[in-house]
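Please look over the sequence and the structure before reading on.

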Amino acid sequence: MSGKAGAAASLPVQVRRDDAAAFEAALGPSIEQAHRLATAMLHDAVAAQDVVQEASIKAWRKIDRLREGTEMRPWFLGIVANECRSALRSRWRRSVVYLGGEVVSDGIEPTAVATQDTLRALRSMRYKDRLVLVLHFYLDMAVEDIARVAGVSTPAAKARLYRAIALLRQKLHDEEDEP
Amino acid sequence: MSDGQDPRNERLRRRVRDALDSIYRPAPDLVRRSAGAVARDRRRHRLAAPLGGIALTAVAVAVLVLVLVRHVSEHGVPGPAVTPQPTVTPRQSVYTLTAGNEVVALDRTTLAVRWRTQVATPPAEGVDAGAMLAISRDGGVLYVLPPSRNSGGTTLVLLDASSGQRLAAIPLSASGGAVYRTLAVDPQSGTVDVVGQDASHLLVTEVDPQRRVVLASHVTRTLPPVTRVGPDILGAAMFTADGTRLYYSYAGGSPDRSGIDWVDVSGPRLSPCPSTGGAACIPGGADGFAVANSHVVFSEGTLPPHLVETDRDGRTPRQLTTGMGAIASSVLLDAAATRALVVASCNNLGGLGSVDLTTGDARAIATPAPNGTEPGPTSPCGERAAPLSTSTIALTQLPGATAHPDSPGTVIVVDTTTGKVTRSAAFPAEVVDLLAPT
C-alpha cells in the first residue's frame, strides 16, 4: 500500500536538514523543473519563483519523514503543484485587468497570436487538467510520474490526460483536424 | 500515450511548449535563494522553541515544585529517569495493548514476542477497541493510554520502544474527573494530544513528553446532559500531516452524537470545529476513519457497508461502495491516499475490501463468513488494523467490539492481495489496540 521505491534521485535515509549543501544536492536538480511548472501553472514569473521557494521550505520540513527510496522529483513537484493551487486561489487580487476584460498576469506580455490563444486556452482549463497537460507536454513526464505529482493512480492520470488533450485541442480548434 | 505516433499530439506539444517558453524567465540563482529561504525557516524554528520553552518553564517550575512536594509526601522519592538503550529498531516491531493493560511488542515479521510490560492494573470491565497507542516522531518512545475503565484512563505512560522499559507516567487530570481514551502525536511539535471527557465536556489535553508535563487542557465540545444510554466513547485521534488539525472520533449515547470532530492547531491555540445543534462536525464517522491530504474517509457503520469521503471540513460527502458484506471497522489508506483498504469486524463476520478513491471502484478481497458460523483464526476480520508492509496488515480479532482481560486474544497477519491469514499470535487477554510504526 505504500508508494513504489524509486530508482534515481531518491533520498538517503539520513539527511541533515540544516545543511544547505544537502538541500542543494537533494532538491537543487529539481528546482528548474519546479520553476517551469510553477510558471506554466501561474503564468506569472514573479509568483512562480515565490511558489518554488515556499514549496522548498515545506518540502524541507517534511523531508526527514520521506520513505527511503521515494523519488525526489515527483514528490517535490507535487508540493509545488499544491502551492500553485493555493496561490491561484488568492491570485485574483494580484491580477491586472486590461482593456477588453482580458486578465493577464503581471510582467507577462505574450506577442504571437497562437501563443496568446494557447495560453488563454490553458488558463481557461480546470486546474487539474492544466496540471497534467503541463507535466506531459512541457515537462515531458511519464504517466507514472504525472500520477505521483497529481496524487492520483496511473490509470486515472492517463484518463485525465486523454481528456485534457481532447479538451485543449477543442479549445484551440486545431485546424489540421478539419478535413 | 504514444506522442511519437500521433502527429496531432506532437503539434500540440510544440504549441504548448512554445507558448509556455515565451513566459518562462530563467532564474539561475533560484536554487541558492530557495536554500536561503529554507535556512531562514530552520533558524526561525530553532529560535521559537527555546523562547517558548523559557516562558513555559518559568510558569511550570512553580507548579512542578508544588506537585513534586505533594507526590513525595504521598509516594516517596521518585526514581531517576532511565536513559533508553536501544536494542531493536522500533520500526521492526508491532506494538499491542491488551485489555489487561499489558503492552506486548512483537517482531513484525515472525510475531515473536520481543518484550512485555505491564503498564497499569487491569480494568474491572471490558474495554472497547480503540487507539490508545502512539509513537514519538523518532520512534524511540511509545506512548500508552491504559484505560482504567471503558471510558478511559487518567495517566499517559511512556515506554522505551526498543526495550519496553518504563520511562515515565504522566498524570493527565490533576483535578480529577476527566478520563482519556485516545491520543495522537503532533507531527510538527512532537506534543502528545490526548482526547478525553469529563461529565460535561470533550477535552483535548496537550502533553509535552520531553519535559513530561501537561501543557494545557482545552474544552472542545460541551456535552448534553448524560442520558440513560451512557457517556461518549472516544475511538481514535489523528493529526493531519502538517499538524494543523487534529481529528477525533466518538460514539455517543445517541446517533446524532456520533461522528468526527476536529480542532485546528495554531501554536498554543486550539480552535474547535463549528457544531450545529450539538451534532458531530462530521456526523457518522465513529467506526474507523482515515485522514489524508485534504480528505477524510470513514465508515458509517451501516449495512450495506460503504465509505464516505468528504473534504477536510466534512463537506461534499461522496459515498463509495466497499464490495463487502459486513460492517467496516477499520479504514486504512495507501501512501498516495488513492486506495482505501477496509476491514470488517469479526462480529459482523469479517471480510476485506479495497476501494479506489479516484474511480470509486470497489473489490472484495475476502468475503464474510456465512451467517451462523463464527470467524476463526483464519478469518480476515478485526477491530483494529495496522499496516505491516505494502501487502500485509495486522488485525486484532475480537468476537465483539469489546476486549476482555480474562479472555484469550489473537492478533493475525493478513495478506491484503489474497485476503489470507498468514500468521497469528495468541495473547492471554484480548487485544484493544495495535500499532506498527511506519
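Chain B and chain A bury about 4600 Å² between them. Carbon and sulfur atoms account for 62% of that area. The model is predicted. The contact involves 47 residues of chain B and 52 residues of chain A.

- Four salt bridges cross from chain B to chain A under the rule used.
- B:D21 pairs with A:R36 in a salt bridge, with the closest N and O atoms 3.1 Å apart.
- Between chain B and chain A, 10 residue pairs are in polar contact, both residues being at pLDDT 80 or more.

**What chain B brings to the interface**

- Three elements of chain B each give two or more residues to the side that touches chain A: α1 (7-23), α2 (30-75) and β23 (339-344).
- α1(B) gives the most to this side, with 13 residues.
- By class, the side of chain B that touches chain A holds 22 nonpolar, nine polar and 16 charged residues.

**α1(B) against α8(A)**

- Helix α8 of chain A spans residues 154-172 and packs on α1(B) at an angle of about 75 degrees. The two axes are 11 Å apart.
- Angles of 65 to 115 degrees count as roughly perpendicular, and α8(A) and α1(B) are therefore roughly perpendicular to each other.
- On the chain A side, A:I165, A:L168, A:R169 and A:L172 of α8(A) make the contact. They meet B:R8, B:N9, B:L12, B:R15 and B:V16 of α1(B).
- The residues of this contact of α8(A) with α1(B) are five nonpolar, one polar and three charged.

**α1(B) against α6(A)**

- Helix α6 of chain A covers residues 127-138, and its axis comes within 9 Å of that of α1(B). The axes of α6(A) and α1(B) cross at roughly 100 degrees.
- That angle makes α6(A) roughly perpendicular to α1(B).
- α6(A) contributes A:V134, A:H136, A:F137 and A:Y138. From α1(B) come B:N9, B:L12, B:R13, B:V16, B:R17, B:L20 and B:D21.
- The contact of α6(A) with α1(B) has six nonpolar, two polar and three charged residues.
- B:D21, listed in this contact, is also the partner of A:R36 in a salt bridge.
- B:N9, B:L12 and B:V16 of α1(B) take part in the contact with α6(A) and in the contact with α8(A).

**Packing within chain A**

- Helix α7 of chain A (residues 143-150) packs on α8(A) at about 100 degrees, with the axes 8 Å apart.
- α7(A) is thus roughly perpendicular to α8(A).
- A:V143, A:E144, A:I146, A:A147 and A:A150 of α7(A) touch A:T154, A:A157, A:K158, A:R160 and A:L161 of α8(A).
- This contact of α7(A) with α8(A) counts six nonpolar, one polar and three charged residues.

**Salt bridges in the whole structure**

- Over all chains, the search finds 23 salt bridges.
- One of them joins A:K58 to A:E83, with the closest N and O atoms 2.6 Å apart.
- A:K58 sits in helix α3 (residues 45-62) of chain A and A:E83 in helix α4 (residues 72-89) of chain A, so the pair ties together parts 25 residues apart in sequence.

Definitions and conventions. Residues numbered from 1 in each chain as written. Chains lettered and ligands numbered in written order. Predicted model: local features only at pLDDT ≥ 70, side-chain atom pairs only at ≥ 80, totals over all residues. Heavy atoms only, no water. Contact = heavy atoms within 4.5 Å. Buried area = accessible area lost by both parts, 1.4 Å probe. Salt bridge = Lys/Arg side-chain N within 4 Å of Asp/Glu carboxyl O. Polar contact = N/O pair within 3.5 Å; in protein donor to acceptor, adjacent residues only side chain to side chain. Helix = DSSP H or I, 4+ residues; strand = E, 2+ residues; numbered from the N terminus. Nonpolar A, V, L, I, M, F, W, Y, C, P; charged D, E, K, R; others polar. Axes fitted to C-alpha atoms, helices over the stretch in contact; angles between N-to-C directions. Parallel < 35°, antiparallel > 145°, perpendicular 65-115°, else oblique.
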